[in-house]
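Welcome! Please take a look at the structure below, and then we can walk through some of its contacts together.

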Amino acid sequence: MGDEGHYRSFFLLKKDWNFLLGLREIGRGGLGTMEEVDHLAHERSKAQFDVDAMKVVWAGSKHALDVSDRMARLVASDPIFRKDNRTMLGRKELFKNTLRKAAHAWKRVHELRLTEEEASMLRLFLDEPSYVDLHWGMFVPAIKGQGTDEQQKKWLPLAYKMQIIGCYAQTELGHGSNVQGLETTATFDPKSDEFIIHSPTLTSSKWWPGGLGKVSTHAVVYARLITDGKDHGINGFIVQLRSLDDHSPLPGIIIGDIGTKFGNGAYNTMDNGVLRFDHVRIPRNQMLMRVSQVTREGKYLQSDVPRQLLYGTMVYVRQTIVSDASKALSRAVCIAVRYSAVRRQFGSQDGGPETQVIDYKTQQSRLFPLLASAYAFRFVGEWLKWLYADVTQRLQANDFSTLPEAHACTAGLKSLTTSATADGIEECRKLCGGHGYLCSSGLPELFAVYVPACTYEGDNVVLLLQVARFLMKTVSQLGSGKQPVGATAYMGKAQHLMQCKCDVRGAEDWLKPSIILEAFEARAVRLAVNCAQNISKAASPEEGFSELSADLLEAAVAHCQLIIVSKFIEKVQQDVPGHGVKEQLQILCNIYAISVLHKHVGDFLATGCITPKQASLANDQLRSLYSQIRPNAVVLVDAFNYTDHYLGSVLGRSDGNVYPNLYEEAWKDPLNDSVVPDGYHEYIQPVLKQKFRVSRL
């Protein structure tokens with residue numbers, strides 16, 4: 001039979017298979033067509049709470065839910081925003097497709113006269129990393145945070161209209177986390193009233209900025225400010241990179257893409273770039289001068305605005321990263337929960353149905369803490385948003401008192417939530433068994449897109465060490481009369497927390513917020529104080545800090561987990577409308593707290609916060625909580641209100657109709673364009689026919 005015959009047979013096979021599947025659905029009492037069968041209807045019928053009310057809680061408000069719902073549906077209904085073929089495209093085709101989507105999104109923003117909030121939501125549901133992320137997320141905030149009023153008036157209107165496209169060029173080939181070690185120089189030339197931007201070494205090449213490789217016309221470039229031979233440290237400069245007429249690089253600019261990155265599709269939609277400067281001249285007024293200035297004569301001046309103001313932009317970016325963590329983790333959890341309810345394995349008796357995977361305790365113990373974490377990160381993200389607004393208000397009134405704490409909170413929570421989310425997405429992939437490894441599951445690409453968050457805007461380990469320094473400073477001030485405030489207020493009770501005994505006698509005692517909070521506070525204080533005491537024994541504080549860095553990481557993690565637990569408890573203690581909603585949030589809150597305690601039980605036992613018996617009771621209570629959340633698991637992920645388009649997963653389909661669609665998806669792969677593969681005659685046939693030339697060495 002020739003290729004055409006094989007091809008016809010293949011389509012007949014597909015047709016027959018689909019027909020048989022359709023018959024099977026009718027036999028099960030289905031509606032006769034695969035698409036109309038809701039395999040999760042039974043799960044949803046068991047819900048013990050008002051899912052629409054929970055959607056409002058998740059979104060933050062009725063208004064936020066309405067906006068996100070409209071924008072999600074707008075994206076899902078537009079064929080140009082299709083993404084199911086993304087993992088099959090080559091890099092050039094993939095990148096051009098991303099440019100097309102970004103341009104179409106901008107066109108829709110104008111045509112529909114979307115508000116800034118709506119446009120931001122549209123970009124979110126577009127779900128494709130691109131140059132616009134850095135333009136709006138880094139370039140614009142940098143100018144707003146570090147530019148003078150005059151600079152903002154000049155540059156922001158151009159950026160808002162996208163008449164210029166910007167990126168954020170800080171990281172270099174040789175330095176990332178150590179910003180003070182950046183090598184790019186900006187030397188002032190008083191004769192021409194210009195700065196000369198230069199890359200003196202290979203390692204000073206800017207490396208990684210998103211949007212830089214092929215798209216950005218401008219960048220906020222961070223370089224060493226040098227006047228009259230003196231190095232004044234790192235400052236930001238607005239530098240034009242490409243011609244606004246033909247997009248070619250300007251003289252002295254060497255620029256390109258750094259290459260393919262981890263994963264199919266994923267972050268390869270982004271043109272992460274490399275940039276070198278060969279004595280590029282820019283006007284003096286393109287130095288961002290809100291914090292420090294250089295006069296016409298070349299004199300370096302600090303402005304009246306404190307340098308800490310620069311942290312404001314950093315706090316803003318990191319609090320958005322925490323919010324993004326809850327979105328990414330909730331997507332993975334939604335896929336894993338729905339598929340776990342659809343998938344059946346083992347346990348059938350007398351030919352009856354097999355057991356739903358979600359009913360196995362091993363599945364619940366891995367999956368439900370991740371579900372609880374998604375909600376926990378959502379609520380701590382809400383709190384960080386409030387904290388940023390509060391800090392901004394104080395900064396405008398020249399009150400910098402809460403800035404160090406806000407910096408420590410956002411640094412620590414960025415680190416904790418991104419690490420937990422990256423690990424959680426991968427765990428969700430494993431929870432979906434072999435099918436989770438397919439790109440059509442949506443999980444491999446979600447992981448590949450998300451995992452850079454553990455590194456960008458601060459390496460997670462480095463950030464935790466910054467939190468540890470803040471904690472050591474706070475501990476050193478105990479007893480000095482300066483009372484800790486905000487997220488470290490619990491340290492004011494250090495004397496009590498160092499000695500208190502956990503008051504758990506039965507498993508149900510672990511449901512009391514006061515007991516949970518005290519256990520987490522005691523653990524955090526004891527780990528921090530132990531580190532401080534050990535550092536004091538070292539030859540120098542720096543030597544002690546270096547020697548104890550692994551212990552300090554644990555202390556920082558304990559502090560951040562306490563913040564998340566306390567903010568979840570605060571959320572649950574508020575007035576939460578909707579039938580059964582508060583009860584479900586209470587269960588999720590307890591699952592999050594006790595599962596963290598279970599995972600880090602060594603800390604709690606080693607510091608004497610709880611006894612082995614109390615740890616065992618916590619485990620008993622956790623099993624009970626899993627049983628309570630089980631009937632509501634599917635509806636709790638429905639509350640995320642994600643469209644099938646946004647989820648991008650056959651396994652996580654809202655109708656649970658997984659298998660026929662997995663089957664359909666397989667045939668879309670380019671390898672299936674022909675029945676006999678390219679290369680058969682050259683490489684397969686000679687092997688099968690044993691047609692080899694015998695050669696003598």
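Let us start with Lys571, which counts as buried because its relative accessibility is 15%; buried means under 20% relative accessible area, exposed over 50%, and partly exposed in between (1.4 Å probe, protein chains only). Before going on, note that this is a predicted model, where local features need pLDDT of at least 70, side-chain atom pairs count only at pLDDT 80 or more, and totals for chains, interfaces and linings use all residues. Residues are numbered from 1 along each chain as its sequence is written, and side-chain values use heavy atoms, with hydrogens and water left out.

Which residue does Lys571 pair with in a salt bridge? Its partner is Glu382, and the closest N and O atoms are 3.4 Å apart. A salt bridge here is a side-chain nitrogen of Lys or Arg within 4 Å of a carboxyl oxygen of Asp or Glu. Glu382 sits in helix H10 and Lys571 in helix H17, so the pair ties together parts that are 189 residues apart in sequence; helices (H or I, at least four residues) are DSSP runs, numbered from the N terminus. Glu382 has 29% relative accessibility and therefore counts as partly exposed.

The structure holds 42 salt bridges. Another one joins Glu128 to Arg86, with the closest N and O atoms 2.8 Å apart. Both Glu128 and Arg86 are buried.

Finally, Asp503 forms a salt bridge with Arg505, their closest N and O atoms lying 2.6 Å apart. Asp503 is partly exposed at 42% relative accessible area, while Arg505 counts as exposed at 68% relative accessibility.

Definitions and conventions: Helices (H or I, at least four residues) and strands (E, at least two) are DSSP runs, numbered from the N terminus.
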